[in-house]
Amino acid sequence: MNYKDADPNSIAVGIDLGTTYSVVAQVDANGQPQIIPNSDNQRTTPSVIYIDGNQAIVGMVAKEQTQLGGNNTIQFIKPHVGRRRKRFLVGGQEWTPEELSAMILRKIVSDAQNNLGGRPITHAVITVPAFFTEQQRKSTEDAGRIAGLNVMSIINEPTAAALAYGFDTLGIDKTVLVYDLGGGTFDVTVMRISGHTITMLATDGDVQLGGKDWDERIIDFAADSFTRNHGVDPRQDPDTLQALYSQAEQAKLRLSKLPVTRLTVTCQGMADTVELTREQFEDMTEDLLSQTETTLRLTVQQANLDFKDIDEVLLVGGSTRMVAVRRMLQRIMGREPRHLINPDECVAHGAAIHAVMTQMRLRDNGQPVPEPQVREEQLERFRQMEERLINSHTLGIVALGVDGRQVVVPIIPRGAFVPRKEIKTFRTSAADQQQIRIMVMEGESDNPEACAQLGMCLVKGLPSDLPKGTPIEVCFECSQDGQLHIQSRLPAIHQTVHSQIARTAGMTEEEILTSRQRLEALIIS
Amino acid sequence: MGSENLTLTISPTLLEAMGIREQGPLNYFKVLGVRRDVENAAAIDRAVMDRSRALRQWQTSPQYGREVVKLLAAIHRAATILKDPDRRNVYREELQRSERGETRNVIDEFADLVRAALADGQLDLQARAELNQFAQQSGISPAQAQQVIKEVGEKLAAARSASRAEAAPAGGAWEFRIAEQGEDAFQTMLHALQHNEDISATSYETLLAEAARYGVSTERAAVLLADFQKLRYRNMVRLVAHGHIVTEAQTRILLPKAAAYGLDQAAAFEIISDYTLSVMTPDDILASLSMANTFDQDEIEQLVKNRADKPAARGKSKLQHKMPPWLGMGVLAGGAVFALVLLAMWLGLGKNARSESRVVSGPVTTPTPAETAAAATPTPEPTAEEPQFSFEPLPEPASGFLAFEPTEADDPAKFEIMINEVTCAMYAEYIRATLSEAPAGWEPGGRVPAGADQLPVTNVTCDQAMAFANWYAGQHNFNPASVRLPSAAEYARAMRGGRTTRGDPTLPNYWARSRLGQRPGLTPSRQEQFDKIFIPGVGQIYDLVGNAAEWGSDERDGKRIVLGGDYTRPSTWNHLEPSWQAPGTATPTTGFRLVHVLGK
């Protein structure tokens with residue numbers, strides 16, 4: 001990694017870049033993670049952007065603007081990050097998901113800087129859902145770079161949550177399950193906290209499942225009732241629909257506290273009040289909840305555990321406030337999940353802790369990253385702490401199987417601890433092969449169609465006359481920061497063949513610079 | 001349960017992944033692999049776990065990931081229904097009824113048609129014919145039909161009066177205050193007339209005269225009236241559809257009513273299709289279209305974005321269970337085909353339809369022949385032999401694909417071929433990503449010569465073209481084995497365009513549906529011929545004949561086939577006659593395009 005010389009004044013933070021809300025945290029001098037509020041003095045900032053001309057507004061004001069309709073606002077960007085050709089038309093211009101994420105980062109970071117007395121924030125740790133693919137992680141990092149941040153590490157949200165929890169209770173051995181239901185993503189992770197070591201045992205998630213799905217069931221309920229009464233579907237009216245979204249979100253929140261709530265639907269001059277009981281709500285969202293239950297059971301199986309082996313359940317993400325979620329967990333676990341951490345803030349807390357740990361590690365390696373803002377006597381805790389991370393998807397390459405069909409050969413399996421180095425030997429499939437193409441795949445099946453292609457290495461300039469079946473060693477090295485390095489070697493000619501890694505993931509320096517310039521032309525507030 | 005779908009349609013690959021041997025739409029019992037008399041919730045839970053475990057392996061698949069997300073949700077929805085004894089019984093009964101061949105909710109479908117028929121309060125001839133036909137085919141008795149018509153009529157009247165009451169200004173009644181001047185006052189008056197249902201009784205001339213009294217010029221009044229009529233028609237469509245898509249039968253009833261609104265059929269069709277797209281979620285459209293495999297994903301996404309980029313459509317992904325039974329998860333041919341027809345209209349025919357769409361003068365008149373002719377002038381009169389062909393500026397070379405299915409016994413299996421040859425810009429991206437060698441004649445540093453961005457890349461060897469294919473597959477998340485250079489048979493199939501029969505390929509004008517022209521907007525020194533093969537209702541494909549010749553995948557004596565002809569060939573050249581080149585050769589007139597083989 002290539003860091004600029006650290007400004008002695010500069011600091012590093014942890015960032016939870018969420019589908020619906022984003023949060024910044026920093027570890028204070030006493031070694032405690034603290035949320036840094038935004039300029040409205042709010043601890044979380046809605047991940048919503050409003051763009052008009054060269055003006056971009058991020059946060060609550062932008063969220064309120066969504067109710068007015070129009071093409072000036074954008075929200076729920078996160079699930080689209082890493083889709084290479086995805087563009088959003090906002091405020092008359094086309095933006096990539098990375099650029100939009102960068103706007104959110106710019107806003108929350110500059111607010112945090114102001115709140116910290118103007119000290120520059122140059123480095124950050126950003127969290128992503130555990131199931132995010134390599135490409136989505138790389139794109140998240142790119143968003144950080146567009147926003148002008150040095151992204152020291154990308155870590156999984158459940159890991160961060162467990163770090164935040166484990167940090168306070170170190171020394172007590174226990175197995176912890178993290179149930180993370182956010183605005184648009186769902187993750188389950190099982191970890192073991194033992195001494196000062198946090199070990200991930202298994203992690204899985206659902207690509208598109210979150211609080212938003214629950215909101216949409218409420219919208220459908222209210223809109224169906226309105227349609228029956230008035231013959232007009234309020235979902236057809238874009239402005240009404242936006243208003244319905246925020247009404248549904250509010251109603252869902254109220255139903256976590258109250259047994260019954262009301263929504264008012266106003267459309268084309270007609271108004272309707274719809275009553276919704278908690279029971280009705282739970283009935284219409286039963287399948288969504290059971291989908292999270294399936295993922296939960298599969299993940300615990302994957303960790304070779306039983307529910308009775310789980311000591312604590314950590315609830316992460318605002319949607320875990322729903323009563324039905326807690327009841328379901330109680331049914332499975334046989335006891336009530338405890339409210340041990342703040343579901344909205346613990347991910348950012350963990351990111352901040354991870355930032356301090358990374359800072360110390362990188363500084364020990366002589367890299368110019370900012371000094372942690374923690375008093376020396378408190379630093380010992382961070383130094384002792386150890387994470388044993390696993391990779392969330394199997395990594396492998398495409399090869400020809402014995403029957404001549406293409407298969408994915410796993411090299412680093414899912415759930416393997418990182419950092420990790422694995423070498424596998426393959427053989428050339430024809431005589432006098434001039435070049436070898438190594439296709440790097442991510443996924444759990446041996447069928448190439450089921451997996452995502454991460455990139456391609458081309459081994460070129462092989463000596464001629466290599467016989468068929470010449471062995472080639474392929475080496476995968478997965479770093480602590482989740483980065484993959486690939487090398488290949490031909491033992492036959494006793495030398496490492498220079499391999500070019502053509503990353504399909506990620507943007508080029510040039511593209512990042514262009515995006516950064518686009519953002520610099522905007523006034524982001 | 002209402003209009004809950006009874007079956008799920010799952011792609012063969014995922015069925016295989018779940019270990020389900022049956023094909024076609026499957027009912028919930030079969031999807032979960034449980035007996036119809038299942039009572040045991042634990043058995044259902046186990047089935048859900050098994051299916052989920054198998055499916056989740058495919059979450060990372062670029063091709064099937066989207067379907068997996070939907071399927072996981074659908075399986076849990078199915079399990080929720082089967083685990084609840086009451087809902088399971090209702091489901092089982094409905095399923096049995098549908099299996100006995102009884103059409104579900106015939107009366108509801110009939111009511112949908114009646115709503116369309118009565119939307120403007122007129123039961124016109126076309127509407128009567130459609131209703132009669134439907135009633136006869138579905139075995140609805142005249143008494144039942146009368147009952148439905150009466151009920152729907154009452155509901156519509158109630159809805160209208162409710163919206164009138166809500167929209168009326170304080171004081172109860174609309175007041176006409178001529179003293180107020182200007183466009184706003186004029187528009188208020190129009191809306192008042194609409195709410196009092198007087199508008200169809202008021203002649204166009206009267207309205208123009210009214211406009212003058214409001215101080216609105218005749219020209220502006222014509223524009224305002226036109227917009228207003230469209231709005232009225234749109235409101236009627238909305239009333240008919242109330243959140244569902246507009247069916248084909250409804251469309252047949254609604255189109256003739258356009259004349260009463262002073263709209264021609266093309267304008268009316270555009271309003272209906274706009275509405276339908278706004279109701280379907282982009283995902284639904286993508287799903288029904290990708291099942292048909294006729295369009296490139298990106299093209300569809302672009303279309304969807306252009307046509308339905310409204311929060312209403314974006315925000316709703318849970319709509320499918322409220323759609324008519326033939327759309328959504330258990331999509332039958334009807335829905336997909338209709339959506340395809342809509343898209344086809346926009347792709348090809350729609351362009352002409354739109355250029356003609358305008359409001360004719362007068363609320364109840366139909367266009368005169370002179371007007372029709374005037375409207376048609378922007379596009380040249382199509383000739384008799386080639387009615388589908390139309391000239392227009394060549395669009396920017398797109399990287400989209402067009403799919404071809406076998407129509408004759410020995411045609412190649414279904415494949416997609418690039419609409420354009422691979423451009424210099426695309427090749428430059430590849431060079432940058434893989435640090436490959438730039439073709440001869442490029443600027444230092446692998447930059448494209450000025451102005452050549454959208455020209456086909458040439459001076460590439462066959463091997464380079466194949467390496468590009470591999471990279472391209474990775475970029476677009478295609479299975480690498482499925483992207484390659486076209487075979488001669490595939491190339492010939494594409495050149496046949498919309499023809500379903502082979503005909504006589506030795507005739508020099510075999511590519512009869514194609515025309516040569518000048519590619520506009522290029523630097524004069526490299527103006528090339530282009531040709532366009534237009535496939536009715538599907539799209540067009542460029543440069544199969546002209547511009548650069550193209551590397552293919554067939555091999556003979558260590559040489560590779562070169563397909564099509566390049567721009568230096570005379571127009572009498574037999575473009576199905578291939579030439580053969582050593583795969584390491586690169587010439588300034590040879591480029592390439594790729595095919596993507598569909599399915600296995």
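1. Two residues are in contact if their C-beta atoms, placed from the backbone, lie within 7 Å. With the neighbours within four places in sequence left aside, A:Val13 has A:Val24, A:Ala25, A:Gln26, A:Ala112, A:Ile121, A:Ala124, A:Ala352 and A:Ala355 in contact with it. The model is a predicted one, in which local features need pLDDT of at least 70 and side-chain atom pairs count only at pLDDT 80 or more, while totals for chains, interfaces and linings use all residues. Residues are numbered from 1 along each chain as its sequence is written, and chains are lettered from A and ligands numbered from 1 in the order in which they are written.

2. The nonpolar cores come next. A nonpolar core is a set of buried Ala, Val, Leu, Ile, Met, Phe, Trp, Tyr and Cys residues joined through C-beta atoms within 7 Å. A residue is buried if 20 or more other C-beta atoms lie within 10 Å of its own, exposed if 12 or fewer, and partly exposed in between, the C-beta atoms being placed from the backbone. The largest nonpolar core has 197 residues, and A:Val13, A:Ile49, A:Ala124 and A:Ala161 have the most contacts inside it. Another core, of 28 residues, lies apart from it and includes B:Val240, B:Ile253, B:Tyr261 and B:Ala266. In soluble globular proteins, nonpolar side chains tend to be buried together.

3. A:Val24 belongs to strand β2 (residues 21-27) of chain A; helices (H or I, at least four residues) and strands (E, at least two) are DSSP runs, numbered from the N terminus. A:Val24 is buried because 30 other C-beta atoms lie within 10 Å. Not counting residues up to four places away in sequence, A:Val24 touches A:Val13, A:Ile15, A:Ile36, A:Ile108, A:Val109, A:Ala112 and A:Ala348. A:Val24 and A:Ile108 are 84 residues apart in sequence, yet their C-alpha atoms are 7.0 Å apart in space.

4. In chain A, helix α3 (residues 134-146) packs with helix α12 (residues 509-520) at an angle of about 50°, their axes being 9 Å apart. Axes are lines fitted to C-alpha atoms, for helices over the stretch in contact, and angles run from 0 to 180 degrees between N-to-C directions. Angles under 35 degrees count as roughly parallel, over 145 as roughly antiparallel, 65 to 115 as roughly perpendicular and the rest as oblique; α3(A) and α12(A) are therefore oblique to each other. Residues A:Asp142, A:Arg145 and A:Ile146 of α3(A) meet A:Ile512, A:Ser515, A:Arg516 and A:Leu519 of α12(A). By class, this contact of α3(A) with α12(A) has 3 nonpolar, 1 polar and 3 charged residues. Here Ala, Val, Leu, Ile, Met, Phe, Trp, Tyr, Cys and Pro count as nonpolar, Asp, Glu, Lys and Arg as charged, and the others, Gly among them, as polar.

5. In chain B, helix α10 (residues 204-213) and helix α11 (residues 218-241) pack at an angle of about 125°, with axes 9 Å apart. The pair α10(B) and α11(B) is therefore oblique. From α10(B), B:Leu207, B:Leu208 and B:Ala211 meet B:Thr218, B:Ala221 and B:Leu225 of α11(B). The contact of α10(B) with α11(B) divides into 5 nonpolar residues, 1 polar residue and no charged residues.

6. Between the chains, 50 residues of chain B are in contact with 51 residues of chain A. On the side of chain B that touches chain A, the elements giving two or more residues include α3 (41-56), α4 (65-83), α8 (142-167) and α11 of chain B. The most is given by α4(B), with 8 residues. By class, the side of chain B that touches chain A has 19 nonpolar, 22 polar and 9 charged residues.

7. A cis peptide bond, with omega of about 0°, joins A:Val418 and A:Pro419; A:Pro419 is placed in the loop between β21 (417-418) and β22 (420-427) of chain A. A:Asn304 is not a glycine, but has a positive phi of about 55°. The loop between α8 (286-302) and β17 (312-316) of chain A holds A:Asn304, which is exposed, with 10 other C-beta atoms within 10 Å. B:Leu435, also not a glycine, has a positive phi of about 55° and is found in the loop between α19 and α20 of chain B. B:Leu435 counts as exposed because there are 12 C-beta neighbours inside 10 Å.

8. Chain B contains 21 helices and 13 strands. Of the 600 residues in chain B, 38% are buried.
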